[in-house]
Structure formats: structure tokens, C-alpha cells
Amino acid sequence: MSQDLTAELCASVAAAIAAATPLCLRGGGTKDFLGRHCAGRPLALAGHRGILDHQPRELTLTARAGTPLCEIETALAEAGQCLPFEPPHFGPGATLGGTIACGLSGPARPHAGAARDLVLGARVLTGRGEVLRFGGAVMKNVAGYDIARLMTGAFGTLGILLDISLKVLPRPEAVRTLVLDCAGDEALARLRALARRALPLSASCHDGERLWLRLSGAERALGPAAAEIGGERVEPGRAEDFWDALVREQRHPFFTAPGAPLWRLSLPPHAPALALDAPQLIEWGGAQRWLRTVHPAEVVRAEAARLGGHATCFRGGEAMHSPFTPLSPPLLALHRNLKQAFDPHGILNPGRFHAEF
Amino acid sequence: MSRIQPPGRPFDDPELCASRAELARALRTVLPAEAVLAREEEVRPYECDGLSVYRQTPLLVVLPRDVAEVQQVMRLCHQRRVPVVARGAGTGLSGGALPCGEGIVLSLARLDRILALDPEARLARIQPGVRNLAISEAAAAHGLYYAPDPSSQIACTIGGNVAENSGGVHCLKYGLTVHNVLALKLVSAAGELIELGGEALDGPGYDLLALYIGSEGMLGITVEVTVRLLPRPPLARALLAAFDDVGRAGAAVGEIIAAGILPAGLEMMDGPAIRAAEDFIGAGYPVEAAAILLCELDGTEAEVAAQVEAVETLLARAGATEVRVSRDEAERVRLWQGRKSAFPAVGRISPDYYCMDGTIPRRALPEVLCRTAELAAEHDLAVANVFHAGDGNLHPLILFDANRPGELERTEALGARLLELCVEVGGTITGEHGVGVEKLGQMCVQFSARELAQFHAVKSAFDPAGLLNPGKGVPTPRRCSEYRQLPSPAHPHRH
């Protein structure tokens with residue numbers, strides 16, 4: 001299914017500017033839990049959809065932002081390719097635009113890059129009602145400021161993503177998952193040691209009891225790497241379910257158990273174990289640590305800051321004033337200036353990301 | 001391309017001399033006297049960067065030694081509305097560090113220390129004046145290296161790499177500067193110290209790090225950079241394949257990528273470039289070939305063995321007339337030597353050469369090479385092509401003689417047509433050298449007036465007074481209307 005709603009979306013933005021009515025951007029509505037509530041008239045974007053160009057030999061794909069993520073993944077799989085950053089869907093309706101606007105990446109992130117690393121270009125409808133194109137469908141491009149990457153993870157506060165060009169990659173020839181029994185501290189130490197070796201590691205997770213490691217690459221290369229690491233080999237179906245469903249889509253009991261809010265701590269991978277006593281799940285070689293805790297935000301944030309990172313109340317923080325780490329005064333000033341530069345009327349997702357813009 | 005610049009006032013212009021003396025006095029209150037260069041013979045070496053067809057002496061040159069001094073210089077210049085052009089090693093190829101006659105050059109050469117190298121965390125925290133290669137040299141003892149390796153890596157600095165988002169021959173697999181920098185500190189136009197990113201894999205708020213990298217010194221002065229280091233792969237092997245047809249060589253690149261192989265480097269040279277390199281360095285290149293491909297594969301021994309086998313088969317099937325595989329490290333280095341010395345090699349066969357830098361979708365390569373040859377003939381000039389084939393980044397080298405009247409102008413006209421050709425086939429006017437002053441005209445071809453206005457708005461968000469590297473990177477609307485009126489073949493442009 002393919003449909004170009006550029007003209008309609010431009011008209012909606014023009015009307016919003018004229019009436020000074022903020023718009024609340026909605027793709028598949030799968031990530032409402034993340035970030036702040038946005039007061040505004042909903043603007044549906046999922047209808048603007050369709051893959052515009054996929055060049056397997058160029059490793060590029062361009063699609064309208066409303067294209068369902070599964071449609072893109074299916075098309076890529078047919079060509080033996082994938083989205084290297086393994087974005088989480090968090091629901092069947094997830095769109096490419098929502099994924100890029102939220103800037104979320106999955107288990108492969110430390111090895112294959114984040115959403116922003118794979119974004120090559122974007123066509124954007126700004127808060128001035130202008131359709132602008134930045135970047136392109138080529139790997140290297142330094143003409144003008146990198147606005148396509150700036151849009152990634154901006155939660156729709158700088159512009160409405162219309163079309164997005166991404167770098168895609170071949171699916172690995174072979175994948176193998178290993179699991180080792182070990183405690184969290186030992187897992188961190190092992191991950192640190194593994195990071196210094198040139199191994200075909202493509203994901204890691206400590207679920208509280210065991211350390212799961214995924215290797216991807218040439219079939220012949222995985223055997224020696226696996227022998228070097230040790231542990232027990234996980235049967236492929238179970239391994240895929242673990243990485244895709246349990247970890248990436250957060251269906252692991254760690255995530256689904258009722259109770260305390262879910263916090264995401266983004267830390268230097270080599271940061272030591274958290275001093276907070278709460279259940280946790282470690283990913284990204286130690287760089288992403290999930291925490292279920294009722295500790296006040298200040299406590300969680302202070303701990304993240306002490307270790308050199310930042311903390312987001314990922315689920316259960318909708319009612320919070322700032323689920324994302326508040327910005328320092330000089331950074332906040334730059335954010336306000338940029339918001340003004342792209343959306344001077346303040347009509348795009350105001351307050352959805354941070355209260356101040 | 002098309003150097004429409006107002007001619008600068010002479011160095012000894014009385015008015016300039018007065019403001020120079022006054023500003024030097026003020027700067028010497030915040031810097032040691034010897035760190036402020038004001039004499040003509042002292043500032044002359046700063047009049048151009050690697051693109052020496054553009055020259056302009058600055059009002060003054062300052063050489064601060066630390067972040068605090070950079071901040072003081074910036075505050076002082078901000079108060080007085082003095083333009084500031086930051087400079088690293090001056091190896092840039094687009095005139096990005098060209099001075100402004102009424103402003104200062106802020107050299108970061110003295111901020112040249114590696115502040116920390118943490119092998120455990122695989123990070124290096126470095127000052128902007130550290131040379132690119134020096135990072136890998138310092139990391140080598142720990143089996144680590146810094147991946148982006150622009151061809152000027154012996155001389156160019158990390159501050160300049162951040163400004164240009166530099167790549168290199170390994171960026172298809174290991175990424176550009178933007179993929180390998182975790183954090184940086186910048187001094188704003190107003191003199192404020194701002195930190196972007198951190199040692200975590202992402203930071204709060206907008207991705208200002210991504211916006212800042214590649215911004216050509218127009219958003220801030222980089223004073224510290226934290227880079228990610230990678231474990232050196234245990235093994236790397238190189239393959240050389242010869243082709244009697246450039247199109248077939250291009251198609252072979254597509255075959256390798258389509259087979260799911262991601263080489264560490266994948267380079268192409270055409271006949272003229274092969275012969276120039278072979279004459280110069282004697283790497284054993286097949287001089288009768290129309291094109292060669294150099295493909296490097298790295299990883300564990302098992303990985304490399306599997307990939308070498310696969311690539312060898314693919315190359316033979318794609319019509320290579322000859323395929324060689326390096327048997328040891330010395331042979332691998334020798335295979336690369338010709339490619340690495342391609343620019344000086346071309347410099348040997350021609351009095352001057354002009355290196356262009358566009359990116360195209362790889363599938364357009366046969367068409368682009370064919371049209372390049374036609375355009376070169378129309379302009380009565382020769383072109384040698386060196387190509388980062390894996391990521392579509394073309395470096396046509398236009399051979400010319402600046403001493404022959406009109407030849408530089410013809411070269412620039414041809415260069416402009418070649419960049420516009422890149423845009424026409426869906427590519428971009430610069431893959432890694434930046435816009436600088438060189439490609440301001442072509443920016444008007446690649447971007448609409450509204451897109452350019454948006455760039456100016458982003459610039460204002462960081463530097464409302466427009467003091468940082470003024471006149472670079474993004475053309476003014478006036479500049480675009482002048483460019484479009486130049487007497488030359490129809491400029492395809494968007495409104």
C-alpha cells in the first residue's frame with residue numbers, strides 16, 4: 001500500500017499555524033508511553049506510507065515515514081537485508097517515522113550503530129509549513145548541516161518526517177547465541193574483556209541470572225569465536241525469541257511484571273555496577289541498563305550522573321514532569337533556539353519531549 | 001569553484017592596520033604576546049588551507065594554549081564583533097579555513113595533547129590539535145586504533161576531522177567521524193564552554209553531536225574530543241582485481257555488496273590514475289587495465305578466509321582479467337601503496353591538479369564516468385579518477401597547468417559541471433571535503449532557497465551574530481542569484 005499525503009499534511013500544518021493550534025503527531029501510536037503527554041490536535045501520519053526506493057546493491061532504502069516497520073523489514077528480508085539497528089516496534093502498528101522520531105535502537109546497537117548512525121537523509125515538513133530535503137540516499141554527504149540526524153530522536157518537535165533514507169545492511173550469514181551462568185558483576189567484567197577483542201559479537205544481555213551473547217558473521221568464523229567465549233549454545237528458535245521478543249520488544253518478565261516504573265540508564269559501557277538496589281537487566285555491553293525501581297527520579301538520575309550517563313523513565317513516567325533527563329542551561333538554550341529555527345510557532349509536539357519546548 | 005569573492009583589502013590598508021594594532025593590544029591582555037601574530041610575514045602562512053587557489057591574509061592569528069584562553073579570545077571577539085576562523089592543520093580541501101580579512105584565525109595547533117587514553121573503556125580524550133594518525137599510534141600499544149583515516153591522516157587534526165566529518169578508505173565498514181566521536185567540548189561564539197554527548201552511547205536532548213560534526217567550524221570552536229577506539233582486527237588481507245572495462249569494475253562492487261560482504265575498504269582507480277601511481281611508486285599495478293579494484297577484508301582468520309574465497313569467486317565471475325590476493329602483511333601494504341599515493345602520483349604527471357569530491361549512487365558510476373570523460377574533452381582537460389567505490393565517493397582529479405592562461409578557470413568550470421552531474425544522478429556535491437568557499441555555488445544547485453534559509457537559521461541558533469567562519473558552507477541568497485547568472489551551460493536548479 002502506498003499513499004502520498006504530503007499536500008494534505010502541508011494543509012494541516014498551514015491550518016495549525018493560522019489557528020495557532022498545536023499538533024500532536026501520531027504514527028502507529030505504539031510509543032505513547034514514552035515521553036511526555038502532548039496537548040494538541042492529533043495529526044495522523046500513518047497514512048503517508050510506502051517504500052519509495054530500495055537499492056539492495058547500494059545498501060539504501062527510502063520510505064515514507066508512515067510505512068509500517070514490518071513492511072520495511074519484510075522487504076529487506078526478501079533481499080537478504082535488515083535494519084542494522086534492530087529497532088523495537090512496541091506494537092504491530094509501529095511506523096518508520098515514529099521509530100526514527102523516537103531514535104530507539106535494539107540489541108545490535110553497540111555493534112551496528114544506532115538509528116541516527118543509519119539515517120542518511122530525510123524530507124521534512126517544518127513548523128513553518130515548508131517541505132525541505134536534507135541529506136540523501138548516499139553513504140557520504142557533508143553538504144549542509146546534518147539535519148536528518150538532528151531529526152532523529154527529536155520526538156517530532158522540529159519537523160514532521162515525510163520520507164526517510166536509511167543505510168541498510170546484509171543479514172549476517174550465520175548467527176549463534178551462547179549463554180553463561182553468572183552474576184551481574186561478573187557479566188560486566190566479562191563484557192568489558194570481550195569488548196577489547198575483535199570478536200563478531202552482535203548483542204549482549206544479562207537478564208539477572210545469565211549472560212546471553214550473540215555472534216553474527218560468516219558461519220566458519222563463529223565456531224572459533226564461540227569456542228573462545230565458552231558457555232552453552234542456545235537453540236536458534238529460542239535464541240531468536242530471546243533477542244527479538246523478550247529483550248527488544250520487552251516481553252521478558254523483567255519488563256512485563258507489574259510494579260515499579262521502568263528506567264533506562266544510558267551509561268559508559270565500562271561503568272561499574274549500579275549502587276541502587278533494584279532488579280536490573282543489562283544490555284549493550286553494559287551501556288544500557290534497565291531498572292525497575294520506585295526510587296525517586298532524583299536518586300536514579302544522581303546515580304546515572306555519578307557513573308557518567310543519564311536516566312530516562314521509560315515506562316510509567318507519563319505523569320512525570322520530565323521523564324527525560326533535564327538539560328543543562330546552555331544546552332537548553334540551544335534547544336530553544338533550534339526549536340525556534342524549525343518551529344517558530346511552537347505547533348509541533350510542544351512539550352512532548354521536554355516541558356520547555 | 002567560481003571564486004566570486006570581493007577582493008580583500010591589502011594587508012597594509014591604513015584602516016586595517018589601525019584595527020589590527022588595537023585588536024592585537026586587546027588580545028595580548030588575555031594571551032602571551034608571542035601567541036598573537038600580527039606581522040605580515042607571520043600571518044602569511046595562514047592565508048590558505050589545502051585549497052591554495054583561495055588566499056586571504058587574516059587581520060591577526062592567535063595561538064591559544066588551553067580552553068580558558070580560547071574562551072577569552074572568543075569573548076573578546078564577540079564583544080567587538082570580530083569574525084573568527086578556526087584552523088587545525090590547514091589540510092582542508094575546500095577553503096574552509098580560508099581567513100577573513102577583517103577577522104582573526106584561531107589556530108588550535110597548541111592544543112595538541114592526548115588527555116587520556118583508556119584501553120579498558122576503549123576511549124581517548126584528546127585536544128583538537130592532535131593529529132589523526134597520532135591517536136592510532138598512541139592506541140597501538142593496547143591493540144586499539146581510531147577508525148576514520150582520511151588520506152591526510154599524517155597531518156590533519158581531529159578538530160578538523162570533526163569540522164569536516166572526515167571519512168577515509170575504511171568508512172564503509174567502520175563509519176565516518178560522526179560514528180566514532182562520543183563527546184566533545186566546544187566554545188560557543190559568545191565564549192561559553194558547552195559539552196555535547198558523553199561516554200554513554202547517547203545523550204539527553206537533541207542529537208547536537210551529529211549536527212555539530214561536519215559543521216565546518218560555523219557553529220563553535222571544538223576544544224576537546226572523545227573518540228571511540230576499536231580493537232585492531234587480528235588479520236587483514238587485500239585483493240587487487242583488474243578490469244578491461246570501468247563499468248564491469250563498478251558492477252563487481254555491487255556484486256560484492258549484494259553477496260552480503262562488507263569489506264573494510266573497497267577502492268577503484270581508473271586507467272590514468274593506475275598508470276600515474278605505477279610510474280610513481282611501482283606497486284606492481286597492471287598498467288594496461290581500464291580499472292582496478294582494491295578490496296580489503298579484515299577480521300578473525302576464519303572470517304577473512306571465508307570472505308577472501310567468496311570475493312575471489314565474485315571478482316572472477318564479474319569479469320576481472322586478473323585477481324591477486326595478498327599473502328602477507330608486506331604484500332597487503334604494497335597493494336595499498338599505489339592507491340595511497342595516487343594524489344601525489346597525479347601531481348607528478350601534471351603541473352597542477354584539482355581534486356573534486358562528489359558522492360553518487362554507485363549504480364550511476366558507468367554513466368558518470370562516461371559523462372566525466374565527455375565534459376573533460378569539452379573543457380580540453382584530462383581527468384584521472386580515484387573512487388571510494390564502496391560508498392560511492394568519487395574523487396575526479398582534474399589535471400591542469402595554472403601557468404597557462406585560462407586553464408585554472410576552465411578547470412573550475414569543469415569541476416562545477418562534475419559536481420552538478422553528481423546532483424543530477426541523485427548524489428551530492430561533497431562526500432567528505434566539505435563546502436567551504438569552494439562549493440558555495442553548487443550548494444545553490446543541490447538545495448532550494450528555503451533549505452538554505454533553514455541552514456542559516458540553524459547557524460543563528462548557535463551564532464546569532466554570525467562571527468564563526470563567516471561566508472563559508474552555506475551561500476547567501478544573493479550569492480545564489482549571482483551563481484545562477486554565470487555565463488555557463490544551463491544550471492539545473494531547484495527553487
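In the predicted model, the side chains of A:Glu130 and B:Arg450 form a salt bridge with an N to O distance of 3.7 Å; the term denotes a side-chain nitrogen of Lys or Arg within 4 Å of a carboxyl oxygen of Asp or Glu. Eight salt bridges are found across the interface of chain A and chain B. Residue pairs in polar contact between chain A and chain B number 27, both residues being at pLDDT 80 or more; a polar contact is a pair of N or O atoms within 3.5 Å, where within protein one must be able to donate a hydrogen and the other to accept it, and residues adjacent in sequence count only if both atoms are side-chain atoms. On the side of chain A that touches chain B, helix α12 (residues 329-342) of chain A gives the largest share, nine residues.

The contact (heavy atoms within 4.5 Å) involves 70 residues from chain A and 84 residues from chain B. About 6,300 Å² is buried between the two chains, with 61% from carbon and sulfur atoms; this is the accessible area (1.4 Å probe) lost on putting the two parts together, summed over both.

In chain B, B:Cys422 lies in helix α15 (residues 407-424). Helices are DSSP runs (H or I, at least four residues), numbered from the N terminus. B:Cys422 touches B:Gly358, B:Thr359, B:Ile360, B:Leu394, B:Gly427 and B:Thr428, residues up to four places away in sequence not being counted.

Residues are numbered from 1 along each chain as its sequence is written, and chains are lettered from A in the order in which they are written. Local features of this predicted model need pLDDT of at least 70, side-chain atom pairs count only at pLDDT 80 or more, and totals for chains, interfaces and linings use all residues, while side-chain values use heavy atoms, with hydrogens and water left out.

Definitions and conventions
Helices (H or I, at least four residues) and strands (E, at least two) are DSSP runs, numbered from the N terminus.
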